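Subject: Structure for your review

Dear colleague,

Please find below the structure that I am handing over to you. My findings follow it.

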Amino acid sequence: MSSAVGKSVPKKDGEGIIKGKPVYTNDMAKRDPDALTVRVLRSPHAYARIKSVDVSAAKAMEGVATVMTHLDKDIPHNIYTRAGQGFPEPSPYDKFILDEFVRYVGDEVLAVAAVDERTAQAALDSVKVEYDVLEPVLDFEKAEGHKSVIHTEPEACELFPIGFEPKKNLAASYFCEDGDTDGEMKKSDIVVEDTFYTQAQAHYCAETHTCYTYMDGYDRLNVISSTQVPHHIRRIISKALDFDRSRIRVHKPKVGGGYGGKQQIHGEMFACITTLRTGKPAICNYSRKEVFESTFARHQMKITVKIGANKDGSINALDMDVLSNTGAYGEHALTVFMLAGGKTLPLYAVQGRSKAVKFGGKVVYTNMTPGGAYRGYGAMQGNFALESAMDMLAEKVGVSPAKIREMNMIKEGQTSPLFKLMGEGTEGKAMNVESCKLEYCMKRAKEMAGWNDECQVTELGNGKVRAQGMAIAMQGSGIVDIDMASAALKLNDDGFFNLTIGATEIGQGSDTAMSQIAADVLNMDSSRIVVYSSDTDLTPFDPGAYASKTTYVTGNAVIKTAKAMKAKIEAKAAAIWKVEAKEVEFDGKMVKSSDGKNSITIEDLGSNLYYDMGLGALKGQLMACESFTPSVSPPPYMAAIVDITIDKVTGHYDINDYIGVIDCGGLINPALVKVQGEGGLVQGIGMACYEDVAYSDKGQMLTNSLFNYKVPARKEVPKITVEFAESYDPTGPYGAKSIGEIGIDTPMAAIANAIYAATGVRIKDLPLFPEKVLMGMKK
Amino acid sequence: MFRFDEIITPKSLPEAAKLMANADSVAVAGGLFLRFAKTKCRRAVDLSALGLDFVKKNGATVEIGATASLRKVELEAANFFAGALSKAASMILGVQFRNLATIGGAVMSKSGYSNLITVLVALDAKLVFASGKEMGITEFLAGERGNDLLEKIVVKDDFDGVSFQLLQHTTLDIAVLNVAVAKKGKSIAISVGARPQVAVRATAAEKAFADGKDAASVAEIAAEQTSYSKDIRGSVEYRKALAQGLVERAITEASK
Amino acid sequence: MKLDIRLNGAPKTYYIKDDEYLLDVLRNNGITSVKRSCDTSSCAMCTVLVDGKPVLSCSFLAARAQGKSVTTVDGIQKEADAFFKAMNQEGAIQCGYCDTALAVTVYAMVQELGADLTDDEIRHYINGNVCRCSGYVSQMRAIKTYLGGLK
């Protein structure tokens, strides 16, 4: 009987949030009247060298505390990467805090800090900058070998080989192959090959990127940041600013949305410099325009997929070639691109069945908003290409889209050569798929959708046609050998516990889920576990919230920690009672010896350990801390079917229902897991249907506001139906795999496939605007 | 950012007009467009207390005060013009926006994408200004904006049918193209907006309708005679195709 | 200028610049339950009620609130408690940044239209409330639970 896991326990922080408690970074900063406001002057040019800056008027302005320019000697000129990844990062070091070159519209020119927003803005307005405007690279297909080289700084480097060739505008490149792919293609009866384009989706986190810095009474730099990666932020700040790491504390309060958008460092440097220079608190709260133009977006990609199959549809060989656009800086350049293949091709590149697979490509620099981490992290780009191509293959073979997947998809107990070939920017590790309920997911999704293998289209008359389309997907659960998460439990008087974790609660509910896991191991109610997370001073290490890792990696660390705590409680009671530890059992309420002679409630034991004079030297704090490093990354899987109605007069389509059946292993908190699935789907639907990114021919982003960049509203998605397969991964905490990213992967291909079924128009570039549907039909 | 030194809230239209006669004054209706304008002025003249927040039927005509909110138009004009003006208003962003934005603000800003202007053009609405001047909306849209304050919009509600159609990417987006058709006996008014320029009448198509051409042919003429441009929401070709499809649909609906 | 409003039922006086917006006046005075998000009047995360009607506080000149009543989520803690709980039970409070505004809007919806509403009516009233986490359907489940309890 489970005491906490498997229950839809309400989020511990949920009510506080919705009641409006001051829990986000800016809410806290607003309560500090001394905080200076930091504003950044941003480049109006896509590529330019700063010839001169005149900040004399700004410096003279009343209320201006400090001005930061690239000429300042006290700002270190250390090359670094803003990517919040483990060290050494697989991203190139290609960024200075401030530089004489600006490489995209929105790049940082200089920064000011002033007593308030208006003064800071007035100071920026008074600055005079002369630019030497350079020719920008704005077409990622022409970036490699372009006469404009974006990174000429001699300091730029890679920390280990990632294919970094800045002279050619290459941030990274990679190639791998298992078997003889070209040979197998030649031997195949049917070959499908096509090229697909995916756009640079914006995260649209509700809370703009914000940080608040101050020096505390110990003269240490405190950074309160809306971030997914507090421990990485501490490391990056320390190295970039040459500032003693032991004097930095990074603390994450509630975060208003992340989705990967806060897995980089943003305004923290300028706030830190302001506080270090002036001794005063500082706040850097990005405007929405800054978030759109000057943070990070999903990497734009061009993906060519080739599938070779036998007459019956069985796949012989898969080939994926990717060109990825990392924009002006190379954050996550290599790894996002690699996962376009790494987290899609194993769906069909099954050891012992398909004969060969290859994956490769390049990541180029352009003078555009940098690419960064975003939920789906390459997998969703690859999924659009691969799962569109699978429908094309089905048509050529003459079987239904469901059949082609059912006969080729990976099954429980199988493996893919790609698991060993591809890791996080390095080699991977072989892994058997211990849990995979894709067959069930497909079967159930078809049942729910009323899927018809013969025909997926219904003419409704009046210019309307209804159709269904499908796609399947996989992700991972953390990063093998690289991730390491830890947890600590402390027993308090009155028998409740503090659980401290580095894992980063960003709304997904990890604080609550982790408390459920700890409570369940200890066989108590999760209300007895007080959680505190993501504070580099107070919590143990965790990489942060990314790569679908928290439930799986941190969850396993929490299990180990709770087991260790249970053992310590039993050992301590045994010592007090002078019996063998194995004679003592803690059942969640009582600690008892097996001879029945001794028993004590956990409340009393907790209190006695700290107050009971009679215990003498046996008094003492009980604490446990354990860590977990994953040696596999079990993929969650999903089968999705979308049901749409297309208006053939306008090309517009309504999404009647989006059905997703997910195998993410055991469910720690079913309600929270479900909402992760639903929310991921709607973000994927946004990418698929509405969210376009447009630039002017000078490199100015045109979609830099929510007025012009359209995320789905609720009328767009009246129905989303998510279910879960019964599944248990033997390596997961309570059988759990990840849920954070899998939801976002399928909508692009599923909807494109439905549009094709309805109209015969195969859209290969996202988003799937009604214009493309209608103009395709008119061709 | 809209910046000013002082805000004055006059209680009557003449008082407001007098304030506007001073140099360096800007009138604020809903204030939603102004917020993004890089406008800096001495004085903001707040129009919210002029008593012009009304939608009323006056005999055969409907009068809508300049500061009637879009939400008010959505709710209170539902029974006028076959509900087309109400529908056009209801499809503009969320209720929090519509409670602030005013029909006068929409008309006076001459926004190309305006749903309301497209309907008002088809309805051949009359604008009544503080100076007493009256002007048809088509004439107003073609002319200079001037400093005259709008008092109200007056429309005869004697149509057999009115239809508003649009295509938008999301329900919180502005239209890629919008169309309104108002039918009275054998005559019809066709207005095409969000081209992305502001709505215009398709007069050749209107004549073809009067000559007895069917909806499909009229729609084709309307699409042909109207000009379009490209922007981030759509191409010229797509807008033209939409115009044809939506005009035909609107004629059919207005003829029911 | 001197701004007198009733904030959540209590009289308040603020000394403001004439061209300040209500959102900034509230946040600068500690009412941080009201959130800024989009900057372009497109997301409704800054929703407050002015004389009972939901408006975008980011676009509402504070001077226009003179003499009016302003309600934020802080003013409906008891009235909306069942909604808070329904949302949390559903797991619908994810990052939560949009939820104070949603609570205020749902409260206004019930005041304006009552609790007996179709799904389409609910969606139309709150369509302006953008959320990037919840997928919206979890919010709908919570709203229906809440409305069911009011009927």
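How many nonpolar, polar and charged residues does the lining of the second largest pocket have? In this predicted model, that lining has eleven nonpolar, 16 polar and eleven charged residues. The pocket has a volume of about 1,000 Å³. It is lined by 38 residues, of which A:His652, A:Asp654, B:Met91, B:Leu166 and B:Gln168 are the closest to its centre. Elements from chains A, B and C each supply at least two lining residues. Among them are strand E26 (653-663) of chain A, strand E9 (161-168) of chain B and helix H4 (119-126) of chain C.

I turn next to the nonpolar cores. The largest has 270 residues, and A:Leu393, A:Tyr658, A:Ile751, B:Ile153 and C:Phe83 have the most contacts inside it. Helix H10 (residues 379-397) of chain A gives the most to this core, namely ten residues. In soluble globular proteins, nonpolar side chains tend to be buried together.

Leaving aside residues up to four places away in sequence, A:Ile751 touches A:Val642, A:Tyr653, A:Ile655, A:Tyr658, A:Ile685, A:Ala688, A:Cys689 and A:Leu768.

Finally, a loop residue: A:Ser705 lies between helix H17 (670-689) and strand E27 (720-724) of chain A. A:Ser705 counts as buried because its relative accessibility is 10%, and buried means under 20%. With residues up to four places away in sequence not counted, A:Ser705 touches A:Phe292 and C:Thr40.

Yours sincerely

Definitions and conventions:
Residues numbered from 1 in each chain as written. Chains lettered and ligands numbered in written order. Predicted model: local features only at pLDDT ≥ 70, side-chain atom pairs only at ≥ 80, totals over all residues. Heavy atoms only, no water. Core = buried A, V, L, I, M, F, W, Y, C linked by side-chain atoms within 4.5 Å. Buried < 20%, exposed > 50% of the residue type's maximum accessible area, 1.4 Å probe, protein only. Helix = DSSP H or I, 4+ residues; strand = E, 2+ residues; numbered from the N terminus. Contact = heavy atoms within 4.5 Å. 1 Å grid on protein atoms, 1.4 Å probe; cavity = no way out; pocket = protein on both sides within 12 Å on 5 of 7 lines; lining within 4 Å. Points joined across faces, edges and corners; volume = space filled by probe spheres on them. Nonpolar A, V, L, I, M, F, W, Y, C, P; charged D, E, K, R; others polar.
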